Amino acid sequence: TIMLRKILLSLLVLSFFVTGTESRAEKYVVATDCTFPPMEYLDDQKQPVGFDPAIIKEIAKASGFEVDVQNIAWDGIFAGVAAGKYEIVASGVSITPERQKAFDLSDPYYDVYPTIITMAGSSIKKPSDLNGKKVGGQIGTTGIFVIEKAGVGATIREYDDVGLAMKDLANGRLDAVICDSNVATYYANVKAEYKDHFHVAF
């Protein structure tokens, strides 16, 4: 049973469905916002890498079509697929009722939770501790929707990408950042410049 507080990541696919037995020669443009490691980010050659670019390439290989994975900013990514600028979004898309009405979504393949990350040693341990605090997050993401709906009394600051919010957290301009749990643990435990300084609060 899926718990209601889980956010399910999926591939967002517009207007077609590919089975493993079909053979297609088409090449589809895939949008991914490369600011959300480990799901998608740019390598040293500025090419999209991470879980979502890898999985869509494997799906394409198994299904007999080709993909051109492009780095597209999250703000407007859904409008772009709706307008036909690209056919697929493979970018850690959370399943919401609104998105289900507008787009065809794959089955969910990864469970995540809205997560608060702070500086190590912060007194923030639970939602009520965010009252009067400055919390940042990526614009248009479910993390922002969650913190707004929670009504905890925080000042919310939206950023074009979560990495900018993390920089402001490190520089003392934010008290916390909200993002998906896998992204939060990546910044707190893996990313070299932050891993000894950030803490997953809750």
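Begin by selecting the open sheet of 5 strands, whose order is S12-S11-S13-S10-S14 and whose pairing is mixed. The edge strands are S12 (155–159) and S14 (198–200), each of which pairs on one side only. From one strand to the next, the twist averages 30°. Helices (H or I, at least four residues) and strands (E, at least two) are DSSP runs numbered from the N terminus, and two strands pair if DSSP finds at least two bridges between them.

This is a predicted model, in which local features need pLDDT of at least 70 and side-chain atom pairs count only at pLDDT 80 or more, while totals for chains, interfaces and linings use all residues. Residues are numbered from 1 along each chain as its sequence is written, and side-chain values use heavy atoms, with hydrogens and water left out.

**Inside the sheet.** Select strand S10 (residues 114–119) together with strand S13 (residues 176–180), which pair in the antiparallel sense over 4 bridges. Proline 114 stands opposite aspartate 180 in S13. Strands of a sheet pair through backbone hydrogen bonds, either parallel or antiparallel.

H4 lies across S10, strand S11 (134–138), S12 and S13, and runs at about 170° to S12. Contact means heavy atoms within 4.5 Å, whereas axes are lines fitted to C-alpha atoms, for helices over the stretch in contact, with angles running from 0 to 180 degrees between N-to-C directions. Glycine 151, whose phi is positive and near 60°, follows H4. Next show H5, which lies across S10, S11, S12, S13 and S14 and runs at about 150° to S13.

Within helix H5 (residues 162–170), select aspartate 168, which is buried, with a relative accessible area of 14%. Its side chain and that of tyrosine 159 are joined by a polar contact of 2.6 Å; such a contact is a pair of N or O atoms within 3.5 Å, where, within protein, one must be able to donate a hydrogen and the other to accept it, and residues adjacent in sequence count only if both atoms are side-chain atoms. Leaving aside residues up to four places away in sequence, aspartate 168 touches Tyr159, Arg173 and Leu174.

Move on to leucine 174, which has its place in the loop between H5 and S13 and is buried, with a relative accessible area of 4%. Leucine 174 and lysine 133 are 41 residues apart in sequence and 7.8 Å apart in space, C-alpha to C-alpha. Not counting residues up to four places away in sequence, leucine 174 touches several residues, including Val135, Arg157, Tyr159 and Asp168.

**The nonpolar core.** A nonpolar core is a set of buried Ala, Val, Leu, Ile, Met, Phe, Trp, Tyr and Cys residues joined through side-chain atoms within 4.5 Å. In the largest one, of 17 residues, Ile117, Val162, Met166, Val177, Tyr187 and Phe198 touch the most other members. H5, S13 and H6 are the elements that give two or more residues to this core, and the largest share, 5 residues, comes from H6. Apart from this core lies another, of 10 residues, among them Leu130, Val135, Ala154 and Ala201.

Now select helix H6 (residues 181–189), which is largely enclosed by the rest of the structure because 7 of its 9 residues are buried. Those buried residues are Ser181, Asn182, Val183, Ala184, Tyr186, Tyr187 and Ala188.

**The aromatic rings.** Rings of Phe, Tyr and Trp (its six-membered ring) pair if their centres lie within 6.5 Å, and planes under 30 degrees apart count as stacked, over 60 as edge-to-face and the rest as tilted. A search of the whole structure finds 8 aromatic pairs. The rings of tyrosine 187 and tyrosine 194 have centres 5.9 Å apart and planes at 40°, so this pair is tilted. Tyrosine 187 is buried, with a relative accessible area of 5%, and tyrosine 194 also counts as buried, at 6% relative accessibility. To end here, select Tyr186, Tyr187, Tyr194 and Phe198, which ring pairs link into a cluster.

Conventions: Buried < 20%, exposed > 50% of the residue type's maximum accessible area, 1.4 Å probe, protein only.
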